[in-house]
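This report is meant for a reader new to the structure. Please look at the sequence and the model first.

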Amino acid sequence: MAEPRKYKYLPERYPERRELKNIDVDRVVKYLLSAFADEVIAYYMYLMAAYAVRGNVAKELEDVFVEIGRDELEDHAKKLADRLQDFDVDLPDFRDLWSLSRCKYPDLPEDPYDVDGWLQAAVEAEKCAIKHYREIYDYVVNKDIVTEEIVEDILEDEVKHETIFRTLISKARAK
Ligand SMILES: [Fe+2]
Ligand SMILES: [Fe+2]
């Protein structure tokens, strides 16, 4: 099997970014890469959930998982990819996503009828995303306003996602 393609990650060649002030650009790029990997993996986890869940509410949940997964990929991952492009950094090889990801995904239920278990896993995934974005926000605030705004928008969505999944849990097991 071929080695993962080395994506273009050349700190010494980052273009000059005049919108930045007093910040370690390499650290920003690393945050963007890990968040991008998180988003692609979250999309995949929700796609898996959409197809795995069985039972009388399966159709309704499938729609929710597909719709939220679409947010992760088409909105969040895209915004992060656009920002990476500002630094002239290519998207990572697919095989590198798992190691780059901070959140990866939590343990998933083996029972397809364990609807609450699938929802709880989604709540856990969103909580990790919120924590990760909060950390990135704290680092970039007032120093990289473009990334700050992207992270703020995404963070707002992750909070909404967490609420949606949590309120769909039928038994009182969400923490
Ligand atoms: Fe997301
Ligand atoms: Fe999310």
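## Model and numbering

This is a predicted model, in which local features need pLDDT of at least 70 and side-chain atom pairs count only at pLDDT 80 or more, while totals for chains, interfaces and linings use all residues. Residues are numbered from 1 along each chain as its sequence is written, and chains are lettered from A and ligands numbered from 1 in the order in which they are written.

Helices are DSSP runs of H or I with at least four residues, numbered from the N terminus.

## Helix packing

Two packed helices are described by the angle between their axes and the distance between the axes. Here an axis is a line fitted to C-alpha atoms, for helices over the stretch in contact, and angles run from 0 to 180 degrees between N-to-C directions.

Helix 1 (residues 25-52) and helix 2 (residues 58-86) have axes that come within 8 Å and cross at roughly 160 degrees. That makes the two helices roughly antiparallel (an angle over 145 degrees). Their crossing is left-handed, which is to say that the near helix is turned anticlockwise from the far one by less than a right angle. The contact of helix 1 with helix 2 has 18 nonpolar, two polar and four charged residues. Ala, Val, Leu, Ile, Met, Phe, Trp, Tyr, Cys and Pro count as nonpolar, Asp, Glu, Lys and Arg as charged, and the others, Gly among them, as polar.

The axes of helix 1 and helix 4 (residues 115-140) come within 11 Å and cross at roughly 165 degrees. Helix 1 and helix 4 are therefore roughly antiparallel, and their crossing is left-handed.

## Helix 2

Helix 2 has 29 residues and spans 41 Å from its first C-alpha to its last, close to the expected 42 Å (1.5 Å times one less than the number of residues). A kink of about 30 degrees is centred on Ala77; the bend at a residue is the angle between axes fitted to the seven residues ending there and the seven starting there.

Buried residues of helix 2 include Leu61, Phe65, His76 and Ala77. A residue is buried if 20 or more other C-beta atoms, placed from the backbone, lie within 10 Å of its own C-beta, exposed if 12 or fewer, and partly exposed in between.

## Positive phi

Asn22, in the segment before helix 1, is not a glycine but has a positive phi of about 50 degrees. Asn22 counts as exposed, with 7 C-beta neighbours inside 10 Å.

Asp88 lies in the loop between helix 2 and helix 3 (97-100), and its phi is near 65 degrees. Asp88 is partly exposed, with 13 other C-beta atoms within 10 Å.

How values were computed. Angles under 35 degrees count as roughly parallel, over 145 as roughly antiparallel, 65 to 115 as roughly perpendicular and the rest as oblique.
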